[in-house]
Amino acid sequence: MYILDSKSLMEKAVAFHGHACPGVTLGVLVSKYILEHGNDFSVDEELVAVVENDNCSVDGIQALLGTTFGKGNLVFLDYGKNNYTFYNRTNEKAIKFSLKASSFGDRSLSREERIEKLLNSNPEDIFEIEIIEFNPPKMAEIHESILCDNCGDPTMSTKIREFNNKKFCIPCYKKVTRNDN
Ligand SMILES: [Zn+2]
Ligand SMILES: [Zn+2]
């Protein structure tokens, strides 16, 4: 196992996120652990992240692990929890981090103190970390585009809706079906 420098990871995450905050620091902490435990930055879809919130922490993860919205190897579950699962498609192992109740923000500290404290913490003290069984999502697929019969926008075929023998994109489908009622 090799040790990465928290400060430089934090700099990279902040450059992407826009500001330093306790949230992005949580993402740095989780990412550091993942990189130190047999995983590399995901150039393609080697790594999959499943996040249970859409707060600042997810930007730290996208910046440092390459599990991004655009590549489709970031799965968002809208649960409002600071839980994160990472699946490595090569060794087929999944690790889940669940924020411990005791880690939930110390209000007596300033924002800067909370960031500093988190950055110097052991991930094991902040999160419950466990190896879990995981069913990986399918790899991102490329679908042909079809032109919407109303607005003419090229639209991914799986997102086309049919109505009165015409093909519509979702916004146009909503418009024509509403007008028809
Ligand atoms: Zn933030
Ligand atoms: Zn349309």
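In which sense do strand E1 (residues 47–51) and E3 pair, and over how many bridges? Select both strands: they pair in the antiparallel sense, over five bridges. Keep in mind throughout that this is a predicted model.

**Strand E3 and its partners**

Within this pairing, pick Val51 and look across to E3, where its bridge partner is Tyr84. Now select the whole of E3, residues 83–88. The strand is mostly covered, with six of its six residues buried.

Show the side chains of E3. Asn83, Thr85 and Tyr87 point one way, while Tyr84, Phe86 and Asn88 point the other way. Both groups are buried. In a regular strand, side chains alternate between the two faces of the sheet.

E4 runs antiparallel to E3, and six bridges join them. One place to look is Asn88, whose bridge partner in E4 is Lys93. E3 and E4 form a hairpin, with four residues between them. In that turn, select Glu92, which has a positive phi of about 55 degrees.

**The zinc ion**

Select ligand 2, a zinc ion, and show what surrounds it. Which residues coordinate this ion? They are Cys148, Cys151, Cys169 and Cys172, each through its SG atom, at 2.3 to 2.4 Å. In the sequence panel, these donor residues are spaced C-x2-C-x17-C-x2-C.

Use the angle tool on the four donor atoms. The angles among them are 97 to 116 degrees, and the site is tetrahedral. For comparison, the ideal angle for four tetrahedral donors is 109.5 degrees.

Cys151 has 37%, so it is partly exposed.

**The whole protein**

Clear the selection and zoom out. Colour by secondary structure to find six helices and nine strands. The radius of gyration is 20 Å, well over the 16 Å that the globule rule gives for 181 residues, so the protein is more spread out than a compact globule. Along the principal axes, the C-alpha atoms fill a box of roughly 60 × 40 × 30 Å.

Of the 181 residues, 39% count as buried. Among contacts between residues at least 6 apart in sequence, 61% join residues at least 24 apart.

Key:
Residues numbered from 1 in each chain as written. Chains lettered and ligands numbered in written order. Predicted model: local features only at pLDDT ≥ 70, side-chain atom pairs only at ≥ 80, totals over all residues. Heavy atoms only, no water. Donors = N, O, S within 2.8 Å, 3.2 Å for Na, K, Ca; no water. Tetrahedral: all angles 85-135°; square planar, octahedral: opposite > 155°, others 65-115°. Buried < 20%, exposed > 50% of the residue type's maximum accessible area, 1.4 Å probe, protein only. Helix = DSSP H or I, 4+ residues; strand = E, 2+ residues; numbered from the N terminus. Rg over C-alpha atoms; globule rule 2.2 N^0.38 Å. Contact = heavy atoms within 4.5 Å. Pairing = 2+ DSSP bridges.
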